[in-house]
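Please keep the sequence and the model in view while reading.

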Amino acid sequence: MQLNHTHDVNTRSWLESAHAPGTDFPIQNLPFGVFRRKGSGEAFRGGVAIGDQVIDLAAIARDNAVSGPAAQAANACAGDALNDFLAMGPAAWRALRHALFDLLKAGASGPGVSALRASLVPQAEVEHRLPTRIGDYTDFYTSIHHARNVGRVMRPDDPLTSNFQWIPIAYHGRASSVVISGTAFRRPMGQAMPPGASAPVYGACKRLDYELEMGFYVGPGNAMGEPIPMAEAEQHIFGMCLLNDWSARDHQFWEMAPLGPFLGKNFCTTVSPWIVSMEALAPYRVPFAHPADEPQPLAYLDSAANTERGGVDVQLEVQLESREHRTRGVAPDRLSATSFRHQYWTIAQMLTQHTVGGCNLQPGDLLGTGTISGPTASEAGAIVELSVGGTRAVPLPGIGGERRFLEDGDTVILRGWCEKPGAARIGFGESRGEVLPAVG
Ligand code: CA
């Protein structure tokens, strides 16, 4: 993905809020989602975030605000899910992004600009649904720091499994319980083997956790039996979001031998509403390499482009807002911060690995990156790591409290953004979810 005029840090929009300090959504971002006016009963339709507004893509299509391939792309965004748009591929994605960029530029004029201006809906007045109909959801496990941190808790004698440095590990997750940011969920019931006990117990999860992850959405799919090689992998990835893979550690650690996560992971997964396109992320691509003294990727997981710019430098942070924070009017506490650039495998390698055996991906499928933990202890992306399996308290300075795992009423907020000198700061918005008491 080459840099082009839509990445120019000096381009301004006629929409003032696109330049508000710290905004996630300047003209250089233009992320896609699905929305309607809150509580309106309107049909959900595709939208693009700009400043504090949403561009209504159904209105853009209806009012012929854009033409040619961009109009075809806008038409594909007029319904209540973006699958058809994602299936169209990079040329269509680029056509619509560039057409909207041109209409939003300071000094732009004409009927298309008037139509776009008339289509705007304030973000404060909208609600979202999932941006695609997710046919399948797969969650990877690609942070070596997370793998080592959790491995030390689960298997002190063998913290990093021997396959980790050779294959992007994943499990097939559950698409039905992927929810949009803002959706509360019940603490899960399940079976766990308490330390030292001789028989398992059934009850509400006692070790509820979050996982700081990113997700990425599949664009054009592949036919069954026809793998996607590394050289083509990114043509099949539309963009990225924030993802929280809520985890019941007590249930998970008991049930996952020998087949992998099941109920410990399938009760809720939260995604942020906006998909930031790979084109918008182009200024933030970074080189990818395994350390020289570690196994190098096998040829089918390697490419020159991946080595040169397979990584993405996304700044990430986790905040916790308890019931007490809310009642006392205290700002959420930050639990950790890191960058996606530390991941051991790239999104291209994950996508290629997923298909190499012949598995077919479909437009709108969601792939999770796995927990993102950086190299230092304060960069851990799950509370089981921060609390070292619940043996150390994680302080919540805002309320003078602490946590080892999540409590009822806790809201976990994920944020992500990219920034560097010479490029526009772009953000992902947030992923937010509240833990409700178990029904047991
Ligand atoms: Ca996960």
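The sections below treat the basis of the model, its strands, a helix and the cysteines.

## Basis

The model is predicted: local features need pLDDT of at least 70, side-chain atom pairs count only at pLDDT 80 or more, and totals for chains, interfaces and linings use all residues. Residues are numbered from 1 along each chain as its sequence is written, and side-chain values use heavy atoms, with hydrogens and water left out.

## An open mixed sheet

Helices (H or I, at least four residues) and strands (E, at least two) are DSSP runs, numbered from the N terminus; two strands pair if DSSP finds at least two bridges between them. An open sheet of five strands has the order β9-β26-β25-β20-β21, with mixed pairing. Its edge strands, β9 (185-186) and β21 (333-339), each pair on one side only.

Strand β9 runs parallel to β26 (residues 426-436), and two bridges join them. Arg186 has Leu436 of β26 as its bridge partner.

## Strands β1 and β5

Strand β1 (residues 32-37) pairs with β5 in the antiparallel sense over four bridges, and Arg37 stands opposite Val126. Buried means under 20% relative accessible area, exposed over 50%, and partly exposed in between (1.4 Å probe, protein chains only).

## Helix α12

Helix α12 (residues 347-355) is mostly covered, with nine of its nine residues buried. Among them are Ile347, Met350, Leu351 and His354.

## Cysteines

With a disulfide defined as a pair of cysteine sulfur atoms within 2.5 Å, the count is zero. Cys77 is in no disulfide, its nearest cysteine sulfur, that of Cys241, being 16 Å away; Cys77 is buried, at 0% relative accessible area. The sulfur of Cys241 is too far for a bond, because the closest cysteine sulfur, in Cys418, is 13 Å away.
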